[in-house]
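Grab a pencil and have a look at the sequence and the fold below. Then try the exercises before you read the solutions.

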Amino acid sequence: MVARFAVEYVYTADTAKRDEVRPAHRAFLAEAQGRGELLVSGPWANNTGALLVFEVEDEDALKTLLEHDPFAEADLVSRVRINEFNPVLGSWLAG
């Protein structure tokens with residue numbers, strides 16, 4: 001059984017380092033998407049953070065996954081907020 005989680009990242013102010021690490025971060029996310037774990041991700045329009053939605057076994061598995069995000073490894077995320085997400089309407093949901 002899997003669960004969906006909405007993850008909010010709050011970025012540090014180090015935009016130069018974030019720009020440098022972004023290709024590795026996006027490759028990491030592409031791999032998670034390829035495994036079916038990442039449903040959607042993207043930065044806030046003001047570039048202060050991002051929203052990521054994952055479908056994984058449980059919160060512990062998600063936390064382990066997020067520890068390996070290059071943004072986390074480079075200390076570019078000042079805060080992570082995780083909420084289990086229970087969507088009831090939308091195009092993501094199967095009929």
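This is a predicted model: local features need pLDDT of at least 70, side-chain atom pairs count only at pLDDT 80 or more; totals for chains, interfaces and linings use all residues.

Residues are numbered from 1 along each chain as its sequence is written, and side-chain values use heavy atoms, with hydrogens and water left out.

**Exercise 1.** Work out whether arginine 4 is buried or exposed.

Solution. Start with its place: arginine 4 sits in strand β1, residues 3-11 (strands are DSSP runs of E, at least two residues, numbered from the N terminus). Next, take its relative accessibility, which is 19%. Buried means under 20% relative accessible area and exposed over 50%, with partly exposed in between (1.4 Å probe, protein chains only). So arginine 4 counts as buried.

**Exercise 2.** Find the residue in β3 that is the bridge partner of arginine 4.

Solution. First look at the strands: β1 and β3 pair in the antiparallel sense over eight bridges (pairing takes at least two DSSP bridges between two strands). Within β3, the partner of arginine 4 is glutamate 55. As for β3 itself, it spans residues 49-56, and six of its eight residues are buried.

**Exercise 3.** Find which strand, β2, pairs with β3 and in what sense.

Solution. β2 covers residues 38-43 and pairs with β3 in the antiparallel sense, over five bridges. Along this pairing, glycine 42 stands opposite leucine 51 in β3. Finally, check the hairpin: five residues lie between the two strands, and asparagine 47 takes a positive phi near 60 degrees.

Note on methods:
Helices (H or I, at least four residues) and strands (E, at least two) are DSSP runs, numbered from the N terminus.
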